[in-house]
Amino acid sequence: MANAYFEIREPKNEPVKSYAPGTPERKELKKELERQKSQVIEIPAIIGGKEVKTGRTEDVNIPHNHSHKLATVHLCGEKEVDMAIESALEARKKWAAMPWEHRVSIFKKAADLLSGPWRYKMNAATMLGQSKTAYQSEIDAIAELADFFRFNAYYLTEIYKDQPYSPDGMWNRSEYRPLEGFVFAVTPFNFSSIAVNLPTAPALCGNVSLWKPATTSVYSSYFAMQMLKEAGLPDGVINFLPGHGADVGNPAINSEHLSGLHFTGSTGTFQHLWKSIADNIKKYRTYPRIVGETGGKDFIFAHKSADVDAVVIAALRAAYEYQGQKCSAASRMYLPESIWPEFKKKFTEEVGKIKMGEAEDFRNFMTAVIDQKAFDSITEYIDYAKESDDAEILIGGGYDDSEGYFIEPTLVQAHDPKFKTMEEEIFGPVLTVYVYEDDKFDETLELCDTTSPYALTGAIFSQDRYALNKMAEYLNQAAGNFYINDKPTAAVVNQQPFGGARKSGTNDKAGSAANLMRWISVRSIKESQNPPKDWTYPFMGEK
Ligand SMILES: NC(=O)c1ccc[n+]([C@@H]2O[C@H](COP(=O)([O-])OP(=O)(O)OC[C@H]3O[C@@H](n4cnc5c(N)ncnc54)[C@H](O)[C@@H]3O)[C@@H](O)[C@H]2O)c1
Ligand SMILES: N[C@@H](CCC=O)C(=O)O
């Protein structure tokens with residue numbers, strides 16, 4: 001045991017590399033992309049540190065070039081989940097008892113590996129496996145993930161420092177125990193950083209976890225598992241279980257040892273998992289903690305005083321970067337008719353300059369959507385808008401899945417503010433605008449607040465402080481991440497803690513002390529230094 005109180009100073013955000021022409025990082029990344037494309041790897045499950053090949057396999061292909069195979073993944077089912085639970089509970093005996101500085105040290109090393117020797121491997125894996133441009137991959141798989149590791153380590157030490165008051169004669173202490181059992185981490189395809197954070201944040205706090213990655217992002221997730229091993233993560237602390245949702249989900253949720261669900265993905269899947277936990281509630285040894293960050297229908301709302309150029313750039317980046325597949329992506333917009341003609345002209349010009357194609361060609365701003373299922377679902381919304389009398393497509397609307405799952409950046413104008421594409425999450429490069437009469441500002445704010453069941457991100461634009469104040473007040477519950485004169489995407493760890501409420505999740509703010517607290521069960525300890533020797537009270541002396 002160490003005889004010292006160790007400290008971590010507040011870290012700095014990982015600097016984002018530009019990959020501009022002529023930079024050394026661009027050269028390194030291009031080389032790594034070629035290396036990864038020249039091989040086909042095998043992705044096993046990893047249970048108790050051992051590779052498990054189930055023989056039930058699927059191909060992993062590049063979304064922007066779907067005939068190119070990157071890997072074969074082995075899929076898990078009940079047998080592998082049971083093995084993983086056993087391994088995790090065995091690993092927990094030593095991991096939960098390990099002094100915290102050793103756990104923290106592993107994740108600090110993982111951050112350094114990521115900003116150093118693993119940078120281009122993780123970046124290229126995310127570019128190829130999830131079709132991100134070099135920059136989108138850098139802000140996700142490198143910067144945000146390194147920030148999660150470093151800031152979570154720092155927040156944990158801040159939590160541990162928080163101790164209760166002790167009057168004379170006693171010493172009160174708070175002990176921050178991990179949960180009893182295992183945490184089930186179910187992760188989305190769209191952010192490598194989120195995928196890795198969901199099993200690692202509980203692990204940092206001393207928990208063990210089962211990690212079910214999305215099959216559509218399993219390629220970068222597997223690289224992350226290898227990096228964590230190199231950082232020194234002991235066997236069995238995180239068990240990697242690729243597979244289809246219910247095949248892994250059902251046996252994990254059915255286990256009496258489930259102590260938490262750390263989920264990011266769609267609202268429908270989260271509600272299904274929550275309900276399954278509720279159905280099993282009598283079975284568990286402890287009430288499972290449920291943390292879920294889910295869908296969104298994120299908005300941009302402009303007042304007539306808005307700076308039109310700022311709205312144009314914010315809308316373009318928020319709606320079309322990463323093909324609109326950020327949970328924070330702008331997908332509905334409210335613009336006053338007085339600025340609409342100028343906005344429409346400038347936006348059409350700027351969108352016309354966007355290049356779309358493979359991620360390896362650095363001139364491209366957009367690449368493909370993740371898979372055939374997403375392509376079919378997004379294009380169904382586009383076709384619906386094309387056929388409706390209540391809407392028209394002003395920009396884009398084309399798509400082609402012959403080589404990759406490509407969908408043009410699309411702008412729909414809805415004449416009905418409750419049009420389907422103003423209400424439902426599409427999760428693709430489709431932005432719908434509703435143009436309101438300037439003097440219907442209040443009614444339109446009301447519409448914005450009530451049109452969708454979600455409350456994840458939102459942005460307001462105005463140069464009039466009274467208008468900004470009114471918008472912020474009116475939309476008080478409409479977004480967990482709220483932006484003023486800025487786009488509603490690209491939250492940074494330790495700057496804009498991320499998460500939403502209503503149907504967008506439990507708002508436990510990924511990459512924050514609040515999130516870590518969900519993986520901790522506090523034991524309050526009172527030690528009496530002068531225990532009473534008499535059971536009577538002074539008031540009992542007389543009748
Ligand atoms: N709020 C946020 O912070 C945030 C961040 C990223 C993504 N998202 C949301 O994620 C969604 C896109 O991600 P997705 O397409 O990967 O979501 P998804 O719900 O389809 O899948 C998420 C994960 O759940 C798994 N899953 C599905 N059914 C399951 C079951 N029965 N048991 C166990 N696991 C099961 C999937 O295999 C995957 O690993 C969007 O709705 C987006 O808004 C939200
Ligand atoms: N940090 C990201 C989260 C995106 C979720 O999919 C953003 O704010 O854009």
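# Burial, packing and phi: the terms explained

Visitor: What makes Gln323 count as buried?
Guide: Gln323 has 32 C-beta neighbours inside 10 Å, so Gln323 counts as buried. The cut-offs are these: 20 or more other C-beta atoms within 10 Å of its own make a residue buried, 12 or fewer exposed, and anything in between partly exposed, with C-beta atoms placed from the backbone. This is a predicted model, in which local features need pLDDT of at least 70 and side-chain atom pairs count only at pLDDT 80 or more, while totals for chains, interfaces and linings use all residues. Residues are numbered from 1 along each chain as its sequence is written, and chains are lettered from A and ligands numbered from 1 in the order in which they are written.

Visitor: What is the phi of Gln323, and where is the residue found?
Guide: Phi is positive, about 55°, although Gln323 is not a glycine. Gln323 is in the loop between α10 and β13 (330–336); helices (H or I, at least four residues) and strands (E, at least two) are DSSP runs, numbered from the N terminus. Most residues other than glycine have a negative phi.

Visitor: Why is Asn494 called partly exposed?
Guide: Asn494 has 17 C-beta neighbours inside 10 Å, and therefore counts as partly exposed. Asn494 also has a positive phi, near 75°, and sits in the loop between β21 (481–484) and β22 (501–502).

Visitor: Why are α10 and α11 called oblique to each other?
Guide: Helix α10 (residues 308–320) and helix α11 (residues 340–351) pack at about 45°, with axes 10 Å apart. Axes are lines fitted to C-alpha atoms, for helices over the stretch in contact, and angles run from 0 to 180 degrees between N-to-C directions. Under 35 degrees counts as roughly parallel, over 145 as roughly antiparallel, 65 to 115 as roughly perpendicular, and the rest as oblique. The two helices, α10 and α11, are therefore oblique.

Visitor: How do you know that Glu293 is buried, and what does UniProt place there?
Guide: Glu293 has 27 C-beta neighbours inside 10 Å, so Glu293 counts as buried. The UniProt record (unreviewed entry) places the feature "active site" at Glu293; such annotations may be inferred rather than shown by experiment. Glu293 is part of strand β11 (residues 289–293).

Visitor: What makes Ser192 buried?
Guide: Ser192 has 29 other C-beta atoms within 10 Å, so Ser192 is buried. Ser192 belongs to helix α6 (residues 192–204).
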